[in-house]
Amino acid sequence: MRLASRLAHVEESATLKVTRRAAELRAAGREILSFGAGEPDFDSPAVAVRAAQRALDDGFTRYTPASGIPELRRSLADRYAADHGAPWAAEQFLITVGGKAALFELAIALFEPGDEVIIPTPCWVSFPDQIRLAGAEPILVPTQAEGGFELKADPILEAISPRTRAILVNSPSNPTGGILPAAELEKLVRGAAAAGIYLISDETYEFFLYDDRSYASAAAWAKRFPETVVLVGSFSKTYAMTGWRVGYAAGPSEVIGGAARVQGHATSNPTSFAMVGALAALEGAAPQVAEMVGEFAARRDLLVAGLNELPGFRCDPPAGAFYTFPDISGLKSHGLESSLEVTEFFLEEASVAVVPGVAFGTDDHLRLSFACSRANIEQGLQAMRCALVRRIG
Ligand SMILES: Cc1ncc(COP(=O)(O)O)c(C=O)c1O
């Protein structure tokens, strides 16, 4: 018996491997401090919880239209029109089972063998594998660590070939926290349109910005370039609703229609009452989001300051998302050669879980999430410091 050949280049994600090893150690009685989480540790907004509970009480438990409930599509259309002047009608929003499904369905609908999709790296682990699962080839374009991994348009546009079908960007970025500045976004949007390819913008972390940075959304360009701008969003991170599994895609009718056809044969609608909760969050959870972002800002400062005190570490404060992405190449001279070795070292010697940079396309970095309590951050840093002092002296 064999698996389909399309799985040959798709591996279990390194993040899941680390999570599993941490779980094994926990099961063996070790207390593990984790910086691994890719999800806010806050409760989902009360308005969302109450709305979903009411929906359940009211028996809203059957199939809905496969592309999602019309009220949520309409509300998203209103929000993007109000916030970014986007021209998208409600029908141009597809509600999906998380942002992940939106990206996957777009990949299946748009790409095929022989196609290339440009992705700046370091990037989220699923981007390249989703492209490969669609049979296409991810073209990885490294971004510079200097300047906090800010995305630059030129190297991305230079990678366009006759086979390129799309550019896939993610700002603020998982794993770097880097952002795509407005001027670079404009260049990318224009460059993609000129080349007749899609610009797919994953804005899963849109509200998580620090130091008064303003947000540049690709949605703001959809009116000007309605044929090529595609947006992916999610309720997971922005509203602390990871387990609800509600995300969305927006863009040209043809593209959204294609992804909807895939969804119609893959998941059908996202969970009915979860969509009702998402709608309530969209319309009433702004205060909780602001509170969450304020707390993340304080945790970011705490973690960045602590990391910069560790031998061999160098960490710029991330502009957005909730991840730090320190350079750990300084540890090589102490016999810790790769990000995986460093990760194993901290897990075994400090009982601290981090994520190796190699999972995201760079071996000189680690990812540490600050979606965990301040106490976790302080204790984790202390344990890492002790382990390094034991090792390095
Ligand atoms: C960059 C990025 N995009 C999309 C997702 C998908 O999230 P979800 O499927 O929970 O909406 C994630 C989750 O980690 C992410 O980091």
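1. Domain bounds here come from an automatic or database domain assignment. On that basis the chain is divided into domain 1 (5-43 + 287-392) and domain 2 (47-284). This is a predicted model, in which local features need pLDDT of at least 70 and side-chain atom pairs count only at pLDDT 80 or more, while totals for chains, interfaces and linings use all residues. Residues are numbered from 1 along each chain as its sequence is written.

2. The C-alpha centres of the two domains, domain 1 and domain 2, lie 26 Å apart. Between them, 32 residues of domain 1 are in contact with 32 residues of domain 2 (contact: C-beta atoms, placed from the backbone, within 7 Å). On the domain 1 side, the elements giving two or more residues are α10 (286-308) and β9 (323-324); helices (H or I, at least four residues) and strands (E, at least two) are DSSP runs, numbered from the N terminus. α10 gives the most to this side, with six residues.

3. The domain 1 side that touches domain 2 divides into 16 nonpolar, nine polar and seven charged residues. In this classification Ala, Val, Leu, Ile, Met, Phe, Trp, Tyr, Cys and Pro count as nonpolar, Asp, Glu, Lys and Arg as charged, and the others, Gly among them, as polar.

4. Around the ligand there are 13 residues, of which G98, G99, K100, S234 and S236 come nearest (near: C-beta atom, placed from the backbone, within 6 Å of the molecule). Helix α4 (residues 98-110) supplies the largest share of this shell, three residues. The shell divides into one nonpolar, ten polar and two charged residues.

5. Helix α8 (residues 253-266) has 14 residues and should span 20 Å at 1.5 Å a residue; its end C-alpha atoms are 19 Å apart, which agrees. The expected span is 1.5 Å times one less than the number of residues. After α8 comes S268, with a positive phi near 55°.

6. Which residues of α8 are buried? They are V255, I256, A259, A260 and Q263 (buried: 20 or more other C-beta atoms within 10 Å of its own; exposed: 12 or fewer; partly exposed: in between; C-beta atoms placed from the backbone). Seen down the axis of α8, the buried residues fall within an arc of 135°, so they line one face of the helix; the arc is that of the directions from the helix axis to the C-beta atoms. Their cover includes β2 (93-96), α4, β7 (229-234) and β8 (247-250). The face of α8 turned away from the buried side carries the exposed residues E254 and H265.

Terms used. Contact = placed C-beta atoms within 7 Å.
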